[in-house]
Each structure stands twice: as structure tokens, then as C-alpha cells.
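The following exercises are to be worked with the sequence and the coordinates at hand. Each task is followed by a solution in steps.

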Amino acid sequence: MLTDILPPHVRKIAYIVYAVGAVVLGVTQIVLNGYGLDPLWYSVTADVWLYLGVAVGAVAAGNITEARHRADG
């Protein structure tokens, strides 16, 4: 179903962007909490990022082949 929706090089870029964005959000949260702040824009951004993670994970899982599982097992 989700196999080969995106070519491998595009998936790699998407995974890197998602990972870097998650790190940036984490650091932002640490800084904001250090100042005792909890702005609405951050809460909304973090929530949207988490929902995007579901799609990123689904695409990643959809591109694991059975041949690879057999070779590893």
C-alpha cells in the first residue's frame, strides 16, 4: 500500500528533516521550560509534528521488504 510512494532518496531526506525538526522542537521545549514559558504556538507546533510522525513512520514501515526480514532472521 505505501510501498514506493516516495523514491528512496526523497524518503531519506524526509527522515532527516523529521529527525532534525524533532531535535529542534526538543531543544526549544527545554529553553522555554527553563524560562517558565508555555506558549500556544509551541504546543500547536509540537502536536502537529507528532501527527506528522505517524505518516513518516507509516511510509518507513511500508518500505520494509520481506526479503530483508528473511535475510536478517
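Patches are made of residues with over 30% relative accessible area and no salt bridge, with like charges joined within 9 Å and nonpolar side chains (Val, Leu, Ile, Met, Phe, Trp, Tyr) within 5 Å. A salt bridge is a side-chain nitrogen of Lys or Arg within 4 Å of a carboxyl oxygen of Asp or Glu. Accessible areas come from the Shrake-Rupley method with a 1.4 Å probe, and for residues only the protein chains shown count as cover.

The model is predicted: local features need pLDDT of at least 70 and side-chain atom pairs pLDDT 80 or more, whereas totals for chains, interfaces and linings use all residues. Residues are numbered from 1 along each chain as its sequence is written, and side-chain values use heavy atoms, without hydrogens and water.

**Exercise 1. Describe the secondary structure and the burial of the chain.**

Step 1. Helices (H or I, at least four residues) and strands (E, at least two) are DSSP runs, numbered from the N terminus. The chain has three helices and zero strands, in the order α-α-α.

Step 2. Buried means under 20% relative accessible area, exposed over 50%, and partly exposed in between (1.4 Å probe, protein chains only). Of the 73 residues, 15% count as buried. The chain exposes about 5700 Å², of which carbon and sulfur atoms supply 70%.

**Exercise 2. Determine how α1 and α2 pack.**

Step 1. In α1 (8-34), the buried residues are R11, Y18, G21, L25 and L32. They pack against α2.

Step 2. In α2 (40-62), Y42, A46, V59 and G62 are buried, and these residues pack against α1.

Step 3. Contact means heavy atoms within 4.5 Å. Among contacts in the chain with a separation of 6 or more, 69% come from residues 24 or more positions apart.

Step 4. G26 and A46, 20 residues apart along the chain, are separated by 9.0 Å; R11 and A60, 49 residues apart in sequence, are 7.9 Å apart in space. G26 belongs to α1 and is partly exposed because its relative accessible area is 26%.

**Exercise 3. Which residue does the side chain of N63 meet in a polar contact?**

Step 1. N63 lies in the loop between α2 and α3 (66-72). With a relative accessible area of 15%, N63 is buried.

Step 2. A polar contact is a pair of N or O atoms within 3.5 Å; within protein, one must be able to donate a hydrogen and the other to accept it, and residues adjacent in sequence count only if both atoms are side-chain atoms. The partner is the side chain of R11, at 3.3 Å.

Step 3. R11 is found in helix α1 and is buried, with a relative accessible area of 12%.

**Exercise 4. Which residues make the nonpolar surface patch of about 520 Å²?**

Step 1. The patch is made by V23, V27, V31, Y35 and L37.

Step 2. An α-helix has 3.6 residues a turn, so residues three or four places apart point the same way.

Step 3. L37 is placed in the loop between α1 and α2 and is partly exposed, at 45% relative accessibility. Just after α1, G36 takes a positive phi of about 70°.
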